Amino acid sequence: MLRLHYLPWYLLLVALLLTGAWGVPLHVDKTLSPMQRWAELSPWLGPAPSVPACRWLNFQRFIFTLETSAEWIDSTAEAFACSPAEPTPEQRELLNRVLPGQELLRVFFPEKPLTMLRGNSESGYSIQDMLIAETTQGKTLLYMQLSDAPPHSSYVLLPRFRHLHPTLTRAEIYPSLFLRSVGSVC
């Protein structure tokens, strides 16, 4: 009898868990440090070649600043199907704001739309905009704009490296929360 008394509250909790946080992307959290942010993308980017700085531009856009080698830039550009190109005026202004007074040596952009998927699952990130830039003073800028729900694009990038820190996706979180809620009712 006591369990039936709390049933409406459990159902309310399950409803809030299923609907309340659905619109908030799980990977977008401004409280993460640059290394934690890098760890989220480590299956595709690999271990950080140096300690990155991360700057938020808006909700889903951020830019990493780090020191890398020319080999790292070339291998990352190749993995993301990037080719050398000239940045747009908006991107050039963005780069000048992040590292003022530094000239760009090489700039790479993806040749086609990209989707980073976690293995055979449907979870991952869709890259809306990306830029890899090397400056004259040895800094590398990695600019990314990601969306949480990846559409199928012409180029799918599967993880190239072992993930540094396991994170759960929505597809993994909601069933576990639901089972825990149902288990506590019974």
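User: Is R92 buried, partly exposed or exposed, and at what relative accessibility?

Analyst: The model is predicted, and local features need pLDDT of at least 70, side-chain atom pairs count only at pLDDT 80 or more, while totals for chains, interfaces and linings use all residues. Residues are numbered from 1 along each chain as its sequence is written, and side-chain values use heavy atoms, with hydrogens and water left out. Buried means under 20% relative accessible area, exposed over 50%, and partly exposed in between (1.4 Å probe, protein chains only). R92 counts as partly exposed because its relative accessibility is 34%.

User: With which residue does the side chain of R92 meet in a salt bridge?

Analyst: Side chains of opposite charge can pair when their charged atoms come close. The rule for a salt bridge is a side-chain nitrogen of Lys or Arg within 4 Å of a carboxyl oxygen of Asp or Glu. R92 meets E86 in this way, at 3.1 Å from N to O. E86 is exposed, with a relative accessible area of 62%.

User: How many salt bridges are there by this rule?

Analyst: The count comes to six salt bridges. Among them, E90 forms one with R61, where the closest N and O atoms are 3.9 Å apart. This pair links distant parts of the chain, with E90 in helix α4 (residues 89–98) and R61 in strand β2 (residues 61–67), 29 residues apart. Helices (H or I, at least four residues) and strands (E, at least two) are DSSP runs, numbered from the N terminus. E90 counts as exposed at 56% relative accessibility, whereas R61 is buried at 17%.

User: Where do E40 and R37 lie, and how many residues apart are they?

Analyst: An α-helix has 3.6 residues a turn, so residues three or four places apart point the same way. Both E40 and R37 lie in helix α2, three residues apart, about one turn of the helix. They form a salt bridge whose closest N and O atoms are 3.0 Å apart. E40 counts as buried at 11% relative accessibility, and R37 counts as buried at 2%.

User: How many of the residues of α2 are buried?

Analyst: Helix α2 is mostly covered, with nine of its 12 residues buried. Among the buried residues are W38, L41 and W44. G46 follows α2 and has a positive phi, near 85°.

User: How many aromatic pairs does the structure hold?

Analyst: A pair of aromatic rings is described by the distance of the centres and the angle of the planes. Rings of Phe, Tyr and Trp (its six-membered ring) pair if their centres lie within 6.5 Å; planes under 30 degrees apart count as stacked, over 60 as edge-to-face and the rest as tilted. The structure holds four aromatic pairs. One of them, W38 with F64, is edge-to-face, at 5.0 Å centre to centre and 75° between the planes. W38 lies in helix α2 and F64 in strand β2, so the pair ties together parts that are 26 residues apart in sequence. W38 is buried, with a relative accessible area of 1%, and F64 counts as buried at 0%. W44 and Y125 also form an edge-to-face pair, with 5.9 Å between centres and 75° between planes.

User: Which residues form one aromatic cluster?

Analyst: W38, F62, F64 and W72 form one aromatic cluster.
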